[in-house]
Amino acid sequence: MKISIARMIANLAARGRAHANRFAWWSWWFPTAATVNADRFQSDSDPYPDHWKQFPRPWPAGQAVESEALKSAVTALPEQWRRVAVLRDVEGRSPAEVSAATGLTAAQQRDVLNRARELLREDVGRRLERGGLET
Amino acid sequence: MITSVAAAPRTLARRLLPLQIGVGLQGLILWVPIEKLFMTEIGFDAASVGAMAAAYAAVVPLLEVPSGILADRWSRSWIMILGCVALMASSLLGGLSHSVIAYVIAAMVLGVYFAFSSGTVDSVVYDTVVEETGSNELYETWIGRTRAVESAAFVLSALAGGVLAQYTSARFTYFATVPLIGLAIIGFLRFHEPRLHKAAERVRLRSHIALTFRTMITFRVVLCALLLVAAGGLLSQAIFEFGPLWLVALAAPAVLYGPYWATLVSTLGVAGLVIGKLHLERRLIVAVLIMVSLVTALLLTWTRSLPVVVTAQVVLALVLAIIGIHASRLLHDAVPSSIRAGVSSGAGTLTWMLFLPFSLVFGWVAQENSIYWSGFMLAGAVVVVGALLVISVRAGRAVAPVEVAATAKQEAVEVAQAAEQLACKQLVELVADYLDDALSPEIRARFEEHLTGCDGCTTYLKQTRQIIGELNDLSTGRGNVQAPPRESTDQ
């Protein structure tokens, strides 16, 4: 019941505010949260909607990811994401352990992990490409 | 839904607390209920009130784009603080002003505040929720709580402002507002801002508008719903902006403005509670709503009784809020999620674009004749809203609403369950679940089926695995990377 009220107020707030005189704001902010930035995919008017505009470029073969680069990429993550990524992927804890440590549900910690890994993949990929150009 | 709310991490609540305190304090604008009274004192007439409304209606859209860019590139906390500074400056300028021109300048500074503060809170709450939980599922809950705090602050300040004006002066409420907003700044300073701007980037204004017009031309249902949202929004805005002029015309005592304004603001909350019980797809209910709003609007054109005026305005505001919520649902149902942001924003823009000329004419008519004559403009707008409501309820019935998944991941799961082919965009949402072996067999089959035919996603998965492998190696190198302690979020 409380949740349905909260939802109603949320709905209302989102639109009601536009009616609330000068306490209105005129531009609405309903972003879509996606793991990979939406502009990496083709839009509805393109030939293959929701498929890659450009495939992720394969990384130069044989070049190892430098641990320094990876470390600084990890440090740049938002705190909660770093916490989950380190617990899961560096320390190798199980989803249940991570849930217990963070208060997130198993599904939530997986969502966080998915996003964190994507940020790392992008960050490291950028560094590798830059390195590849220099050598 | 209930389970995920229960599982909301405590850190999220703690982290959003200073923001909510800031938003609440920012809502304590004491002069709002008696603004029209004060404006009359310093020489405003109905026409110049209309011009003032038009002036700030013009400032907000102009500044919205630069403020959005600043918020994304720089810092949202600081944008909100700048908004507070503009609000303080505007309150101070308003309190100091003795002429119409000075007050119009104060109103335009207030426009700066609206432009700066408007979408910012929403986007900050959104990013914080995503940052803490990895999904936007709890966004509605938290934005709802934030708005509830804000509405409570509006009601409180309405009551307090009226009382304060009665026992001191209208001018004093402007000065009393300044320190409260100053306290809000402290709240925003203490807020630990999300660092995650890239996950959900603000859609650009121009593309919003372009998208909206393209959609409007293509679908009649969307056009109807959009016009309904805009016309209903315009009418509500007109009541909030010009409603107090009736009280001024009837020489209502200052102390009445507080409760009056509080009741008017609270109709927005009441509408949210009532809407769940009403079936607006039923003809009878739609007819009753339209009749009620028409009668109340006409009452405003001829009654000279203060209680009747107040009641009529409150009822009209309530009905319009109900119609507004319903209309935006129609609009949301009629467009796919990918362009919803654009269309919603377009509706907001359209409201302001309509409001600007409407307020000029409204003020002019009230000036040339009387405020009661302007009431006919409200009645006219009610007729338009009623007609649009009937048309869009009819048109909406013919169209099955586009089912909306709350999160990108849910969407991916739904597509896969419907035994459709996964697109790359959906596959990337499921990678962690795939690697954890948390997908159901059917969805896993779709996932793998897509992988066999898609080089892009194969590369993507390979790189993700490589990252995981490298992360794993960090620990053997006596990793310097450690999980941050849980409670370090707030400084």
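Contact here means heavy atoms within 4.5 Å. This is a predicted model, in which local features need pLDDT of at least 70 and side-chain atom pairs count only at pLDDT 80 or more, while totals for chains, interfaces and linings use all residues. Residues are numbered from 1 along each chain as its sequence is written, chains are lettered from A and ligands numbered from 1 in the order in which they are written, and side-chain values use heavy atoms, with hydrogens and water left out.

Neighbours within four places in sequence aside, L294(B) touches A379(B), V382(B) and V383(B). L294(B) and V382(B) are 88 residues apart in sequence, yet their C-alpha atoms are 6.1 Å apart in space. L294(B) counts as partly exposed, because its relative accessibility is 24%. The cut-offs are under 20% relative accessible area for buried and over 50% for exposed, with partly exposed in between (1.4 Å probe, protein chains only).

Q20(B) gives another view of chain B. This glutamine belongs to helix α2 (residues 10–26) of chain B and, at 11% relative accessibility, is buried. Beyond the neighbours within four places in sequence, Q20(B) is in contact with W142(B), R145(B), T146(B) and V149(B).

Now for chain B as a whole. Its secondary structure amounts to 20 helices and zero strands. Of its 491 residues, 57% count as buried. Take the contacts in chain B with a separation of 6 or more: residues 24 or more positions apart account for 81% of them. The accessible surface of chain B is about 19400 Å², and 66% of that belongs to carbon and sulfur atoms. Accessible areas come from the Shrake-Rupley method with a 1.4 Å probe, and for residues only the protein chains shown count as cover.

Aromatic rings are next. Over all chains, the structure holds 16 aromatic pairs. Rings of Phe, Tyr and Trp (its six-membered ring) pair if their centres lie within 6.5 Å; planes under 30 degrees apart count as stacked, over 60 as edge-to-face and the rest as tilted. One of the pairs joins W373(B) and F376(B), with ring centres 5.8 Å apart and planes at 55°, so this pair is tilted. Both residues lie in helix α15 (residues 371–398) of chain B, three residues apart, or about one turn of the helix. F376(B) is partly exposed, at a relative accessible area of 43%.

Y434(B) is in helix α18 (residues 431–435) of chain B and F447(B) in helix α19 (residues 441–453) of chain B, so the pair ties together parts that are 13 residues apart in sequence. Y434(B) is buried, with a relative accessible area of 10%, and F447(B) is buried too, at 0%. Elsewhere, ring pairs link W31(B), F38(B), F44(B), Y103(B) and Y174(B) into a cluster.

Chain A has five helices and zero strands. Of its 135 residues, 56% count as buried. Among contacts in chain A between residues at least 6 apart in sequence, 45% join residues at least 24 apart. Chain A exposes about 5800 Å², with carbon and sulfur atoms supplying 55% of it.

Two packed helices are described by the angle between their axes and the distance between the axes. Helix α3 (residues 79–90) and helix α4 (residues 95–102) of chain A pack at an angle of about 145°, their axes 10 Å apart. Axes are lines fitted to C-alpha atoms, for helices over the stretch in contact, and angles run from 0 to 180 degrees between N-to-C directions. The contact is made by R83(A), V84(A), L87(A) and R88(A) of α3(A) and by P95(A), V98(A), A101(A) and T102(A) of α4(A).

P95(A), which lies in helix α4 of chain A, is partly exposed, with a relative accessible area of 26%. P95(A) and V84(A) are 11 residues apart in sequence and 9.3 Å apart in space, C-alpha to C-alpha. Leaving aside neighbours within four places in sequence, P95(A) is in contact with R88(A), Q109(A) and D436(B).

Terms used: Helix = DSSP H or I, 4+ residues; strand = E, 2+ residues; numbered from the N terminus.
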